[in-house]
Amino acid sequence: MGIIGADLVRQDAATLARAMAEGEVSSEEVTRAHLDRIGEVDDRVHAFLQVLSTEALDAARDIDRRRAAGEQLGPLAGVPIAVKDVLTMTGVPTTCGSRVLEGWRPPYDSTVVERLRAGGLVILGKTNMDEFAMGSSTEHSAYGPTHNPWDLERIPGGSGGGSAAALAAFEAPLAIGTDTGGSIRQPAAVTGTVGVKPTYGGVSRYGLVALASSLDQAGPCARTVKDTALLHAAIAGHDPRDSTSIQAPVPDVVAAADEADVRGMRIGLVRELRGEGYQAGVSQRFDEAVAILTDLGAEVVEVSCPHFEYALAAYYLILPSEASSNLARFDGMRYGLRMGDDGARSVEEVMSLTREAGFGAEVKRRIMIGTYALSSGYYDAYYGSAQKVRTLITRDFEAAFAQVDVLVSPTAPTTAFRIGDKVDDPLAMYLNDIATIPVNLAGNAAMSLPVGLAPEDGLPVGLQIMAPPMADDRLYRVGAALEAALVDRWGHLLIEEVPAL
Amino acid sequence: MTSLTRADVEHLARLARLQLAPEELDHYAGQLDVILQSVARVSEVAADDIPPTSHPIPMANVFRDDVVRPGVRRDDIAAAAPAWEDDRFRVPRILDEE
């Protein structure tokens with residue numbers, strides 16, 4: 001089928017890139033179609049905090065000119081993309097979903113943005129998120145929630161709900177997310193899209209506003225496994241400006257997605273990440289997907305990771321501890337909001353008033369938990385113990401990967417819940433990340449991809465694939481094989497079933 | 001485990017430089033207490049012989065080449081400052097009146 005006459009916003013990135021390379025359509029036309037779509041639907045979805053219409057069209061025309069001049073361009077040149085508002089982009093407001101950074105224009109590009117530009121991708125805008133990436137629903141954004149395109153009354157997941165909703169609403173074919181405890185994978189699961197958290201250190205954190213530095217990792221989001229691989233390859237790789245960046249070749253994720261073959265692979269079901277606590281329709285679609293993997297020639301076995309039940313507790317000590325020190329920089333002195341500077345108040349009073357006015361409830365809760373966990377007298381019992389649990393979880397993964405090539409679980413215990421249901425119940429909100437957190441603690445790579453709609457509510461279910469550090473390619477090998485088998489069965493991608501907005 | 005009081009939260013907020021309103025203190029005291037009781041179970045398995053992990057992918061002595069490259073321009077820093085005066089950040093007084 002030719003691209004001419006097709007609805008450009010419903011095409012995947014690989015198709016758009018090919019059509020542009022063959023001269024069937026220009027980047028300007030593709031970009032304009034997505035900007036028009038954003039104009040049509042984003043008042044209801046609210047995926048974007050900032051739409052960069054002028055900049056995007058300028059970038060698209062530049063790519064079209066360079067292509068016409070015969071320049072060799074990257075595989076995603078001219079394809080539009082949405083970027084989570086936690087990555088800096090020169091001169092463009094970067095808010096992290098917070099009032100404390102309202103209107104702040106960073107003076108430098110993050111490495112991820114730099115690589116997107118170098119690859120010729122067209123940045124459409126900055127997407128909504130839970131404030132400083134703290135949340136699982138995008139309700140903790142200071143600028144209002146994002147709505148799930150499958151049901152506008154429901155959450156799109158979080159913290160990267162804006163990026164996931166932009167994909168599901170056909171506002172962008174690609175998006176960048178960041179994942180500290182599941183913020184790429186859980187939104188992917190509840191919006192019927194694909195998202196990957198690369199190995200820690202696989203994608204540079206330079207210019208990624210820090211939440212918890214030992215957990216944060218930026219990664220690719222898309223509607224297909226192949227598109228996710230293409231974006232992964234565009235942003236990954238060593239960066240001397242991030243001292244935790246891995247100095248090794250990026251696994252060939254695109255080739256793995258093309259191979260899409262699980263024959264002979266050993267796949268482990270994590271006993272502790274299924275069963276009780278998981279919604280019936282989530283378990284059903286997960287079990288069906290596992291049966292497909294068996295049919296495709298994989299050997300599926302059950303493995304136990306006995307310390308995973310402590311992962312949530314360890315995470316909600318380590319993350320707040322790191323966050324409380326990272327967010328100390330928001331003091332109203334050098335950039336961002338300043339409150340109460342009346343000439344009489346002291347610097348300490350101005351800081352306290354600024355932070356009180358600039359931070360939302362979830363950020364305040366986590367800063368105080370972190371302050372408590374790191375205080376003398378409590379440090380060993382809380383933060384010290386959590387770091388030991390982190391070791392135990394890493395050992396569980398090592399033991400499991402001695403037996404199998406990848407592990408699988410449901411990505412999230414439930415489908416998308418209603419906006420408002422859990423917003424003031426922190427523990428209930430934290431449980432959404434129960435299956436995604438172990439990977440962040442150990443630094444592994446993981447993917448979520450859609451495996452169907454839960455029969456009871458008709459909402460998307462995600463399956464998580466977990467691989468050892470630096471084996472990100474295995475995610476794509478398994479994910480692409482499963483996606484192809486599901487498309488065979490359904491006749492289309494799951495996202496094609498999203499209701500018209 | 002002792003539970004977190006309103007006074008504890010007030011102390012934590014002061015350490016964290018958060019000027020919480022009185023109703024916030026009440027609200028957070030209950031919530032933080034529930035969270036802390038829940039996360040305290042990490043101590044159940046944190047035996048003495050288990051080494052702590054601070055970074056998932058350990059690396060040591062990471063250096064980059066010592067070459068001059070452009071930094072952030074001072075004018076850009078000034079433009080983002082909440083208050084700028086005489087080529088410097090203007091800040092409130094740093095000493096308390098005692």
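In this predicted model, the secondary structure of chain B amounts to three helices and two strands. From the N terminus, the order of elements is α-α-α-β-β. The radius of gyration of chain B is 23 Å. The globule rule gives 13 Å for 98 residues, so chain B is more spread out than a compact globule. Its C-alpha atoms occupy a box of roughly 50 × 45 × 25 Å along the principal axes. Of the 98 residues of chain B, 19% count as buried.

One residue of chain B stands out by its backbone. B:Asp86 is not a glycine, yet its phi is positive, at about 50°. The residue sits in the loop between β1 (84-85) and β2 (88-89) of chain B. B:Asp86 counts as exposed because it has 5 C-beta neighbours inside 10 Å, and the cut-off for exposure is 12 or fewer.

Chain A holds 16 helices and eleven strands. Its radius of gyration is 21 Å. A compact globule of 501 residues would have a value near 23 Å, so chain A agrees with the rule. The C-alpha atoms of chain A fill a box of roughly 70 × 55 × 45 Å, taken along the principal axes. Of the 501 residues in this chain, 63% count as buried. Contacts were also sorted by sequence separation. Among contacts in chain A with a separation of 6 or more, 76% link residues 24 or more positions apart.

The largest nonpolar core contains 180 residues. Those touching the most other members are A:Ile81, A:Val122, A:Ile123, A:Ala314, A:Leu317, A:Met368 and A:Ile465. Helix α10 (residues 311-326) of chain A makes the largest contribution to this core, with ten residues. A:Ala314 also has a partner in the other chain: leaving aside residues up to four places away in sequence, it touches B:Val42 as well as A:Ala386, A:Val389, A:Arg390 and A:Leu441.

The contact between the chains draws 58 residues from chain A and 47 residues from chain B. On the side of chain B that touches chain A, at least two residues come from each of α1 (6-15), α2 (22-39) and α3 (74-80). The largest share, eight residues, belongs to α2(B). By class, this side of chain B comprises 33 nonpolar, seven polar and seven charged residues.

Strand β5 (residues 194-197) of chain A pairs with two other strands. With strand β6 (residues 218-222) of chain A, the pairing is antiparallel and rests on two bridges. With strand β10 (residues 445-453) of chain A, the strands again run antiparallel, joined by three bridges. A:Gly195 takes part in both pairings. Its bridge partner in β6(A) is A:Cys221, and its partner in β10(A) is A:Ser448.

A:Gly158 and A:Ser159 are joined in cis, with omega about 5°. A:Ala133 counts as buried because 30 C-beta neighbours lie inside 10 Å, against a cut-off of 20 or more.

Helix α16 (residues 472-490) of chain A comprises 19 residues. From its first C-alpha to its last, the helix reaches 27 Å. This is close to the 27 Å expected at 1.5 Å a residue. The residue after α16(A) is A:Gly491, with a positive phi near 85°.

Note on methods:
Residues numbered from 1 in each chain as written. Chains lettered and ligands numbered in written order. Predicted model: local features only at pLDDT ≥ 70, side-chain atom pairs only at ≥ 80, totals over all residues. Pairing = 2+ DSSP bridges. Helix = DSSP H or I, 4+ residues; strand = E, 2+ residues; numbered from the N terminus. Rg over C-alpha atoms; globule rule 2.2 N^0.38 Å. Contact = placed C-beta atoms within 7 Å. Expected span 1.5 Å × (residues − 1). Core = buried A, V, L, I, M, F, W, Y, C linked by C-beta atoms within 7 Å. Nonpolar A, V, L, I, M, F, W, Y, C, P; charged D, E, K, R; others polar.
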